[in-house]
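Q: I'd like to zoom in on one part of a protein and really get to know it. Could you walk me through it step by step?

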Amino acid sequence: MFTYDGSQTAPVNAGTYAVVGNYLGSANYLAGSANATLTIGKATPSVAVNGGTFTYDGTSHPATGSITGVNGPLLGPLTFTYNGSSDEPVTPGTYNVVASYAGDANYLAASGSGTVVINKAMPTVTAAGGTFTYDGAAHAASGTATGIGGENLGPLTFTYNSGSQLPLNAGTYAVVASFAGNENYASASGN
């Protein structure tokens, strides 16, 4: 018969236990006992991280993940960092994700990694020309670069028949309105 820290129930959880083995004796042998130590080490859990590829939309794009123990029970919680910050990524870029588990009485601390990529969004660029009568004055086109939710993205540059000179003389001019792009939006153009 064995006892573990005084209990007859064999231990399941991580820890160190004093074991006493007792033999009650028989007709031919005397009773006896022996002492030992039983150590159950903490297990290493399995961390899975799910990143993803997204297009900028003004909202955060966090990673997800799970941590499982021996025979599959879910453990938790996980904490996430993105390029070392706890802020969930919103702006375009590549973010190295680390999901960390602090550990508990039966499991060691563990971590896993993944990647979140947020690509620049494509703005909508419109160009408007016009019809004019020659009057000796230059005539410019107009246009807009619009982002998510109607956001005005700022100035455009215009070319007229591939040149930057505003049209002055009578004629037909092909207008291209160009947006150079910014930290959240790719470059784009409209005709």
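Over how many bridges do strand 14 and strand 15 pair, and in which sense?

A: Keep in mind that this is a predicted model. Strand 14, which covers residues 175-179, pairs with strand 15 in the antiparallel sense, over 3 bridges. To spot the pairing on screen, look for Phe 179, which stands opposite Ala 188 in strand 15.

Next, follow the chain through the loop between strand 14 and strand 15, where you'll find Tyr 185. This residue belongs to the 1 aromatic pair that the structure holds. Its partner is Tyr 56: the ring centres are 5.5 Å apart and the planes sit at 80°, so we call the pair edge-to-face. The cut-off behind that name is planes over 60 degrees apart.

And where does Tyr 56 come from? Tyr 56 lies in the loop between strand 5 (52-55) and strand 6 (64-68), so the pair ties together parts that are 129 residues apart in sequence.

Are these two tyrosines buried or exposed? Buried means under 20% relative accessible area. Tyr 56 has 11%, so it counts as buried, and Tyr 185, with 1%, is buried too.

Note on methods:
Residues are numbered from 1 along each chain as its sequence is written. This is a predicted model: local features need pLDDT of at least 70, side-chain atom pairs count only at pLDDT 80 or more; totals for chains, interfaces and linings use all residues. Side-chain values use heavy atoms; hydrogens and water are left out. Two strands pair if DSSP finds at least two bridges between them. Helices (H or I, at least four residues) and strands (E, at least two) are DSSP runs, numbered from the N terminus. Rings of Phe, Tyr and Trp (its six-membered ring) pair if their centres lie within 6.5 Å; planes under 30 degrees apart count as stacked, over 60 as edge-to-face and the rest as tilted. Buried means under 20% relative accessible area, exposed over 50%, partly exposed in between (1.4 Å probe, protein chains only).
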